[in-house]
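User: I'd like to go through this structure and ask how the labels get decided. Can you take me through them one at a time?
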Amino acid sequence: MTEKRPIWTKSFVNISISTFFVFVVFYALLTYMPLYVLNELNGTATEAGLVISVFLLSAIIMRFLSGMILEKFGKRRMLLISVLLFAVSTILYLFVGSFTSLLWLRFFHGIWFSLLTTVAGAIAADIIPPERRGEGLGYYGIAMNLAVVVGPFIVLTLQQYVSAHIIFIVLAVIIIIGFLCALAVQVNEEPYSKQPKHKLSINDFLEKKTMPIATVGFLIAFAYASVIAFISVYAESLGLIKTASFFFLVYAMAMLIVRPITGRLFDTIGPKVVIIPSIVIFGVGLITLSFTEVSWMLLLSGALIGLGYGTLLPSFQSLAIQAADKHRSGYATGTFFAFYDSGIAIGSVLLGLIAGIAGYSNLYLMLGVFVILVVFYYMWIASKQETQPN
């Protein structure tokens with residue numbers, strides 16, 4: 001019996017920690033920006049939403065270019081450049097004086113967030129032994145999921161006691177630590193060999209082999225946008241706003257408990273045994289959310305969503321990378337997250353309109369059924385890929 005190659009190498013630990021700090025800053029700003037626009041810049045609710053949208057817009061655009069950039073300049077070099085400029089962007093919030101300058105900064109910041117998260121995900125996948133990729137990316141994904149809890153907690157706590165400038169200084173310190181961790185990451189990659197000039201094609205922007213699973217990721221992200229965007233508003237309408245602060249804590253705990261198990265099952269038995277139940281559990285979590293009336297039901301739905309959705313993202317990312325040739329892992333990662341980010345962005349807008357007509361409870365019920373139906377689409381995608389020749 002051959003000995004398992006290790007996942008927790010020095011480079012893997014450092015790329016995971018660096019990613020954690022990046023997402024802490026991302027989720028902290030995602031939570032704080034609307035408050036900052038309303039309270040510090042005397043902006044409107046529309047402007048508060050715009051600072052989120054413009055960040056996602058630049059991030060999505062950059063996803064389509066990231067594979068080409070990583071192939072040309074190298075993953076480690078672009079990791080360091082993108083972390084550094086992400087840190088510089090964070091520091092620049094200290095000097096924002098108007099809504100217009102903030103909007104330009106958010107667009108600039110989104111570029112480096114997109115490139116950074118794409119290259120970090122590709123490097124993590126390259127570092128992990130291929131036979132343990134599902135397990136390894138599961139652990140790597142914990143960094144992003146924990147940041148969902150830590151980032152908002154930091155800013156929502158600090159904003160009660162300190163000024164916006166102090167909050168931005170704290171976030172700048174956090175991302176500088178992330179940059180120092182990135183310096184310790186080593187990557188084995190082939191040096192870029194200059195190719196003869198050719199006309200740009202879809203292969204320069206997308207990894208076509210990854211697109212089937214990326215479309216599944218889009219549908220799941222579309223539904224998950226309702227949790228990110230509206231859970232606090234929904235909880236407030238139910239008189240459960242105090243409980244809402246624990247929603248993502250329960251989500252993270254459930255995800256942490258199940259992640260090591262599902263990662264191993266993904267590698268040893270196969271993706272279907274993990275993905276199909278996880279989609280169903282996520283759907284049931286949304287349905288439970290729709291019937292929520294008391295605190296324990298809100299927390300139960302958080303646990304179910306953590307068990308379901310918390311498992312799906314790293315599983316989909318693993319399949320996306322496995323579908324592509326090794327040297328195109330950057331393209332595969334960029335393609336997957338372009339679809340994923342688009343699902344979040346479109347969902348945040350479109351589902352808000354639906355919620356205004358049907359109400360949040362009915363919205364979550366419809367999305368729960370929708371997510372469960374995605375199982376059949378995934379099974380069709382999986383069966384098509386199984387019948388295709390290698």
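This is a predicted model: local features need pLDDT of at least 70, side-chain atom pairs count only at pLDDT 80 or more; totals for chains, interfaces and linings use all residues.

User: Where is Thr-243, and which residues does it touch?

Analyst: Thr-243 is in helix H8, residues 241-244. Leaving out residues up to four places away in sequence, Thr-243 touches Ser-295, Leu-298 and Leu-299.

User: Why does Thr-243 count as buried?

Analyst: Buried means under 20% relative accessible area. Thr-243 has 13% relative accessibility, so it counts as buried.

User: Now the rings. How many aromatic pairs are there?

Analyst: The count is 27 aromatic pairs. One of them is Phe-26 with Phe-55, at 5.6 Å centre to centre and 35° between the planes.

User: Why is the pair of Phe-26 and Phe-55 called tilted?

Analyst: Ring centres have to lie within 6.5 Å, and planes under 30 degrees apart count as stacked, over 60 as edge-to-face and the rest as tilted. With 5.6 Å and 35°, Phe-26 and Phe-55 fall into "the rest", so the pair is tilted. Phe-26 sits in helix H1 (residues 10-39) and Phe-55 in helix H2 (residues 45-73), 29 residues apart. Both are buried.

User: And what makes Phe-222 and Phe-370 edge-to-face?

Analyst: Their planes are at 65° and their centres 6.2 Å apart; over 60 degrees counts as edge-to-face, so that's the label. Phe-222 lies in helix H7 (residues 211-237) and Phe-370 in helix H13 (residues 360-387), so this pair ties together parts 148 residues apart in sequence.

User: Are Phe-222 and Phe-370 buried or partly exposed?

Analyst: Phe-222 has 13% relative accessibility, so it counts as buried. Phe-370 has 29%, so it counts as partly exposed; that label covers values between 20% and 50%.

User: Last one: what is the phi of Asn-42, and why does Asn-42 count as exposed?

Analyst: Asn-42 has a positive phi of about 55°, although it isn't a glycine. Most residues other than glycine have a negative phi. Asn-42 is in the loop between H1 and H2. Exposed means over 50%, and Asn-42 is at 66% relative accessibility, so it counts as exposed.

Key: Residues are numbered from 1 along each chain as its sequence is written. Side-chain values use heavy atoms; hydrogens and water are left out. Helices (H or I, at least four residues) and strands (E, at least two) are DSSP runs, numbered from the N terminus. Buried means under 20% relative accessible area, exposed over 50%, partly exposed in between (1.4 Å probe, protein chains only). Contact means heavy atoms within 4.5 Å. Rings of Phe, Tyr and Trp (its six-membered ring) pair if their centres lie within 6.5 Å; planes under 30 degrees apart count as stacked, over 60 as edge-to-face and the rest as tilted.
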